[in-house]
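This report describes the fold of one chain and its contact with a partner chain. Please consult the sequence and the structure shown below.

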Amino acid sequence: MIEDSQNIELLRITTAGSVDDGKSTLIGRLLYDSKSIFEDQLSSIRDYSKTNRNQEIDYSLITDGLKSEREQGITIDVAYRFYSTPKRRFIIADTPGHEQYTRNMATGASNASLALILIDAKKGIVTQTRRHTFISSLLGIRHFVVAINKMDLVDYSEEVFEQIVEEYKAFAEKLSVESISFIPLSALKGDNVIERSTNMPWYQGSPLLDYLENVNVAGGRNLIDFRFPVQYVNWSGNEFRGYCGTISSGVIRKGERVIALPSGRTSKISRIVTYDGDLDYAFAPMAITLCIEDDIDISRGDLISRENNLPAITGNIEANVVWMDTESMQTGKDYLIKHTTKTVKGSFSEVRYKFDLEKIHRIPAEFLSVNDIGKVKIELKKPLYADLYSKNRFTGSFIVIDQHTNQTVAAGMISKYKQVSPDKACESVKAKVIRYPGDKKEKAKSDYDRLSMQGTQCIYVDDEILQKGLCRGIAVDTDEYSRIIEGLCNIATESGVSVVLCTENEVSLE
Amino acid sequence: MEEKEESYHLSNLKTLEAESIGIIREVAAEFENPVMLYSVGKDSSVMAHLAIKAFYPEKVPFPLLHVDTSYKFPEMYEFRDYYTKKHNLELKVHRNEEALSKGINPLSAGTVKCCAELKTKALLDALKEGGYDAAFGGARRDEEKSRAKERVFSFRDKHGQWDPKNQKPELWNIFNSRIDPGESIRVFPLSNWTELDIWTYIYHENIEVVPLYFAKKRPVIEKNNQLIPVYTDENPEETKEVMCRFRTLGCHYCTGAVRSEADTMPKIIEEMMVARHSERITRVIDHDQDSSMEQKKMEGYF
């Protein structure tokens, strides 16, 4: 009878929207109507509402917990709220709408898999709507539900709703989003929050709670690339020596061969230790302790991986950065970059561009200021073992700390890296191009399958594929054709991806 | 066990457990001199259990600190000594002896002043004297509205104060542990747990807790809708025997019991599932004034 919610999924939601769009009211309503607020808490909110707001109950008081928030009637910092229904468990990061607190919005979005965007039906899409949608998509959220609130103030008009939907869709086209749903509602009146509203018979979709309970947000977890940043060496001078950490991605089995970075030394996993007993295998995001057969020097900040599937070893990265400090970025200055369990010094060598958050297009910039988002180049004093953020949220992200103020000044998501010359041990797995003549397709394909099975990051390319896509309309046997293949191979190998290439054409590769 | 197929699904409690263990290890790795605050309550039991798990098979590499007001329930002192000894945990106890020698207690000084002296000041002094740069606390975000705003790594200035309007952003599972000498971080590894998670975990992991959490007949007096336990013969004629238990444990003067028949773990969980009141309704100190917890936290209470 006492289940460990084994099959109940946990959904982490971040909210977004402008000031006064009614986010806190909506969440308050969601908690209230799903009976997730305790009676004593409710009665204190009722008392406060009557005395200070002259209304029966102000739902926003449920989440705006700080004194200064209640005084100003706005949300300042993220509040984490929990509720569960028989179908799902939710953690909602109720984030501030105020532009000044964009950094707190990013805080809430970094661990969420669904964004709940609020729009005031009377005002339509405003800058903050775009800004928050963009930040959410940049932080890797792929599912959006857009709640068009205060429908009661526009006479529950379908036309108003449709207009906002169209406008939002046009804007979101530029972003990498998997699914967007739109729900017309009134948080204040409770229309389409828990119950289907009778005021909007034209709306055929689900009410919000129903949607949140059923939306499919599977995926997101990388179970392919084994990455284990060493967090803590568990050794007290006794016989036991284990490497503690949380698996960032992938699966590891007892007896498997592993490689430790940066030493490049390989060994075998001898034990996967937990308090509840040794395991045969473990997977992300478990916190475990690994023991290895040979005595290799491994310390905090090192990374354990597989020989044929390594992260990039890089001293030069390009990243999307959210600047969060009131003091602007200084190029050339040394900052601390904390990435997984490793902290290295690094400096911003170039700001490639920043985003105009109004229109979401790129504009030139020399530096980033508070709440700016831009693409930057970073030079590191020591290499990191990293992946692209799009492949791995944990080995692809980092924070930037100002070593003088100790402030967290920025959050970064790696979008590109340059491999530093890997040492000898890593040479064998350096990304390469494996060539086959055009008539050896079968052999090439089986080789590709074998490499993939071993976990090598690789792609398969042959003339047929090229003719359908990149080289459509270009004759095989031309220089143009060769140039495209060479370009493709260079981009892939520089990103650490091997290419199994099967072509009739002559190509000269480095 | 008939199927040997590998599953890559982690249950809710195991996910929370992994997250908490990751946080505890991070602190042990990055700070010079961490300490774990140990209040002897159910959350403390879970937090200590997670620390034991995090460093197994080695010993927990930091001490536990009990900030003792001297007004805790006798059962709590007994349990504290038993539990820490059984699990080979280093225990430190700190009291504000000066205030105690002046006879400060909630009846004479009022709850606000009593808490300020025996809890907040005692805690700040203990952290300072121990030179601790990080202190784990068992607070959860679902407990109280100002706690819902807490970061996992919560920065405190040289005076142990919290500024809720100026918290460091905290993204992914990357924590900023940089501080200057004298400053410290309060760390809340149970941030994302709910009260129900705590009980379900205690049940599944077979974690021991103070027997006061289980219902039995106890002598109490009824005051302001609260069942206050009787430990002296002060009000013998008003005292009655009531089947009750405690949902949260503090000082016996300020902690009320709830009527309950739940004398086993499954019954407690069942009771939790239908509870209509928050656990803190029995904590007198939360109701001193509006935002009293926020105020206490800003001053240094955790």
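## Chain A and its interface with chain B

Of the 510 residues of chain A, 57% count as buried (under 20% relative accessible area, with a 1.4 Å probe and protein chains only). This is a predicted model, in which local features need pLDDT of at least 70, side-chain atom pairs count only at pLDDT 80 or more, and totals for chains, interfaces and linings use all residues. Residues are numbered from 1 along each chain as its sequence is written, chains are lettered from A and ligands numbered from 1 in the order in which they are written, and side-chain values use heavy atoms, without hydrogens and water.

Chain A holds 11 helices and 25 strands, taken as DSSP runs (H or I, at least four residues; E, at least two) numbered from the N terminus. In helix H4 (residues 102–109) of chain A, 8 of 8 residues are buried. Elements of chain A that cover the buried residues of H4(A) include those tabulated here.

| Element of chain A | Residues |
|---|---|
| Strand E1 | 9–16 |
| Strand E2 | 79–84 |
| Strand E3 | 88–94 |
| Helix H5 | 127–138 |

The contact (heavy atoms within 4.5 Å) takes 84 residues from chain A and 76 residues from chain B. Across this interface there are 8 salt bridges, each a side-chain nitrogen of Lys or Arg within 4 Å of a carboxyl oxygen of Asp or Glu. The side chains of Asp276(A) and Lys53(B) form a salt bridge at 2.9 Å, N to O. On the side of chain B that touches chain A, helices H1 (12–30), H2 (42–55), H7 (195–205) and H8 (265–273) of chain B each give two or more residues. H1(B) provides the largest share, 13 residues.

Methods
Buried < 20%, exposed > 50% of the residue type's maximum accessible area, 1.4 Å probe, protein only.
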